[in-house]
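Have a look at it before reading on.

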Amino acid sequence: MRPAMLRLFSITGLVAVSSMYYHQAMLAVLANELAIPPERVGWIPTATWSGYALGILLFVPLGDRLELRRITLAKLACLACALLAAATAPNYHVLIAASVFIGLFTSVVQDIVPYGAHLAAPLGHQHDDPIGLAELVGPQHDSRVAVEVAGHDRAQSTPPKRRCR
């Protein structure tokens, strides 16, 4: 596999895996902005992880039956739509639904890794070449980015107070 293609697969994996973690650094901000009671804000990551479990259960086995390239591209497009829906969610219920779909289509990472290994195999590379960076660095790096976007640092226990609309 060419180095440029390996970087593309790594970055794609980073972005896809990170989508599972973006909201976690911003839960307090989301609760404040959407007027979500504290006892309900925990359902946002629960919905995302539940969607991820469903995606692994329902979609990942399709990689054995269908062309990985098509599945990967379709899931990435759906993931982008789900992330856009979450970013523009006007209320809690839309955000929960978008979170389920984010988790559902984040299972694309389970397709990217074997697809990269499939592309690397004819060139004599190790099957695990495309795996490392995306799965090891993604969540840690992008949660820091999400914290910066939210406008507060890890040392603060709560984000700056904002008025509800």
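## A first look

Of the protein's 165 residues, 39% count as buried, where buried means under 20% relative accessible area, exposed means over 50%, and partly exposed is in between (1.4 Å probe, protein chains only). This is a predicted model, so local features need a pLDDT of at least 70 and side-chain atom pairs count only at pLDDT 80 or more, while totals for chains, interfaces and linings use all residues. Residues are numbered from 1 along each chain as its sequence is written, and side-chain values use heavy atoms, with hydrogens and water left out.

How confident is the predictor? The average pLDDT of the protein is 78, and 72% of the residues score at least 70; pLDDT is the predictor's confidence in each residue, on a scale from 0 to 100. Residues 152–157 fall below 50, and this stretch has 10 contacts in the model beyond near neighbours in sequence. Residues 159–165 are also below 50, with 14 contacts beyond near neighbours in sequence. A contact means heavy atoms within 4.5 Å.

## The overall build

You will find eight helices and zero strands here, so named because helices (H or I, at least four residues) and strands (E, at least two) are DSSP runs, numbered from the N terminus. Read along the sequence, the pattern goes α-α-α-α-α-α-α-α. Of the contacts with a separation of 6 or more, 74% are between residues 24 or more positions apart. The accessible surface comes to about 9,700 Å², and 64% of that belongs to carbon and sulfur atoms; these areas come from the Shrake-Rupley method with a 1.4 Å probe, and for residues only the protein chains shown count as cover.

Here are two of the helices side by side. The expected span is 1.5 Å times one less than the number of residues.

| Helix | Residues | Reach, first to last C-alpha | Expected span |
|---|---|---|---|
| α1 (3–18) | 16 residues | 22 Å | 22 Å |
| α6 | 15 residues | 21 Å | 21 Å |

In α1, the buried residues include F9, L14 and V17. Helix α6 has its own buried set, among them Y92, L95, I96 and I102. The buried residues of α6 pack against α1, α2, α3, α4, α5 and α7.

## The core

The largest nonpolar core has 25 residues, of which I36, V41 and I44 touch the most other members. A nonpolar core is a set of buried Ala, Val, Leu, Ile, Met, Phe, Trp, Tyr and Cys residues joined through side-chain atoms within 4.5 Å. Helices α1, α2, α4, α5 (68–87), α6 and α7 (109–120) each supply at least two residues of this core. The largest share, seven residues, comes from α6.

What does I36 touch? Leaving aside neighbours within four places in sequence, I36 is in contact with L30, A31, V41, I44 and Y92.

## Rings in pairs

A search of the whole structure finds five aromatic pairs. Rings of Phe, Tyr and Trp (its six-membered ring) pair if their centres lie within 6.5 Å; planes under 30 degrees apart count as stacked, over 60 as edge-to-face and the rest as tilted. W49 and Y52 make an edge-to-face pair, 5.7 Å centre to centre with 85° between the planes. Both lie in helix α4 (residues 43–58), three residues apart, about one turn of the helix. An α-helix has 3.6 residues a turn, so residues three or four places apart point the same way. W49 is partly exposed at 34% relative accessible area, whereas Y52 is buried at 17%.

F101 and F105 form a stacked pair, 6.3 Å centre to centre with 15° between the planes. These two sit in helix α6 (residues 92–106), four residues apart, about one turn of the helix. F101 is partly exposed at 42% relative accessible area, while F105 is buried at 12%. Ring pairs also link Y21, W49 and Y52 into a cluster.

## Two loop residues

Is H23 buried or exposed? H23 lies in the loop between α1 and α2, and at 9% relative accessibility it counts as buried. Not counting residues up to four places away in sequence, H23 touches L30, I44, P45 and T48.

A35 lies in the loop between α2 (27–33) and α3 (38–41). A35 has a positive phi of about 55°, although it is not a glycine. With a relative accessible area of 53%, A35 is exposed.
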